[in-house]
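The stops below are given in the order to select them.

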Amino acid sequence: IAVLGQQSSGKSSVLESIVGIDFLPRGSGVVTRRPAELRLVHVADENAKPWAEFGELKGQKFYDFDEVRNNIDVLTDKIAGKKKGIIDKPIVITIHSHTCPDLTLIDLPGITRIPLQGSDQGKDIEKVTKKMALRYVKDPRTIILAVIPANADMTTSDALQMARDLDPKGIRTIGVITKIDIMDKGTNAKRMIMGQEVPLRLGYVGVKNRSQQDITDKMRVYKALNEEKLFFSSHKIYSSLPSESLGTASLTKKLTKVLFTHIKNYLPQIVKEINIKRRDVEERLRELGPPLPKEDTEKMQLLWNMVTEFCTNFKNTIGGRYISCQDKATKGVSGGARIKHYYYKIYKEYIGSYSATEAYSDVDIERAIKIHEGYSMPGFPSVDVFIYL
């Protein structure tokens, strides 16, 4: 699920409400400067303490979500720099908690039109942020969560425009209306929530996030969710709207339902891709050979066999009894034949008219051949004849 919107649309607050934990950094200017891939894992045990881990920090579990927030800042600055730069390299965070559903959400940097002064953002920051968002949401299997502030004209929303371009049938786009509680007096978001201004096939869900003062006062998410329920149930306009169109709980249910239906429709294609990937991996494993042993004695035996095989291959190569595939491909000689070639050049320089068999008669030579003939083919003297003489 890709969370799409402008920087000021309240995307981070929506994400924290879905997760049920306050863990995202807060600050001035651009907040999300690297895409955050949130892998939410629901834990059935309500007494289990929530924890998180980062893909870049292997083997570390974080039970203090203030540390999670600090690590997001550190990992963001590490890649994107400290001057508000935006980089398309996601931070992968896995969160285990009984408050969160089994979902994977991508928090994308909001569409930024004008670069901040004194930052690393270039003049093409709008093009960069749109291209980054496009890379994630163009996949037809991605659910688009378009976050739109209620105190702005929704017809100018970049998130809705991009969703309409990529999802013209509206089968994978859900709208989220934020900042309902800070609209001008005498106005409300009823028409927006009911889809009467910009219709959306899967509809909209209105949510009430924490205000900046609530965040400053360190109001926890669970308390904010209770206040959200109270706000909608006691409001003279919103209390009359369908319950499935209001609140974070309704949004989570709708997301889960839409995602389930979406996965079911794409399941044959997903299975096909998995089978293709599995065959590729199996082929690669066959190329790598049998797995390494686990026991020390088996490891020693494997190493001994490898050394023995290497020595055998080396001797065979020198002796001309083994030719590798690479040697077959070359036109020249190699191994022992190449060594012999160099010695033969020296041999011709020093041999002169010397005859190795000068002191032997034909009878001596014939006898030596017969002694070493054994069961070999007649007419093919063994090298042992030469050594014997």
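Is R33 buried or exposed? In this predicted model, R33 is buried, since its relative accessible area is 6%.

D77 belongs to helix 2 (residues 65-80), whereas R33 sits in the loop between helix 1 and strand 2; the two are 44 residues apart. D77 is partly exposed, with a relative accessible area of 27%.

Next, select R210 and D22. This pair also makes a salt bridge, its closest N and O atoms lying 3.4 Å apart. R210 is in the loop between strand 8 (204-206) and helix 6 (212-216), and D22 is in the loop between helix 1 and strand 2 (36-42), so the bridge ties together parts 188 residues apart in sequence. R210 is buried at 10% relative accessible area, and D22 is buried at 13%.

Move to R39 and E37, whose salt bridge has a closest N to O distance of 2.8 Å. R39 is partly exposed at 38% relative accessibility, while E37 is buried at 17%. Then select E16, D22, D66, R69, R210 and R220: salt bridges with shared partners join them into one network. The whole structure holds 17 salt bridges.

Finish with helix 1 (residues 11-19) and helix 8 (residues 248-288). Their axes are 9 Å apart and cross at about 80°, so the two helices are roughly perpendicular. Show V14, S17 and I18 from helix 1 with T248, L251, T252 and L255 from helix 8, which make the contact. Four of the contact residues are nonpolar, three are polar and none is charged.

Technical notes
Residues are numbered from 1 along each chain as its sequence is written. This is a predicted model: local features need pLDDT of at least 70, side-chain atom pairs count only at pLDDT 80 or more; totals for chains, interfaces and linings use all residues. Side-chain values use heavy atoms; hydrogens and water are left out. Axes are lines fitted to C-alpha atoms, for helices over the stretch in contact, and angles run from 0 to 180 degrees between N-to-C directions. Helices (H or I, at least four residues) and strands (E, at least two) are DSSP runs, numbered from the N terminus. Angles under 35 degrees count as roughly parallel, over 145 as roughly antiparallel, 65 to 115 as roughly perpendicular and the rest as oblique. Contact means heavy atoms within 4.5 Å. Ala, Val, Leu, Ile, Met, Phe, Trp, Tyr, Cys and Pro count as nonpolar, Asp, Glu, Lys and Arg as charged, and the others, Gly among them, as polar. A salt bridge is a side-chain nitrogen of Lys or Arg within 4 Å of a carboxyl oxygen of Asp or Glu. Buried means under 20% relative accessible area, exposed over 50%, partly exposed in between (1.4 Å probe, protein chains only).
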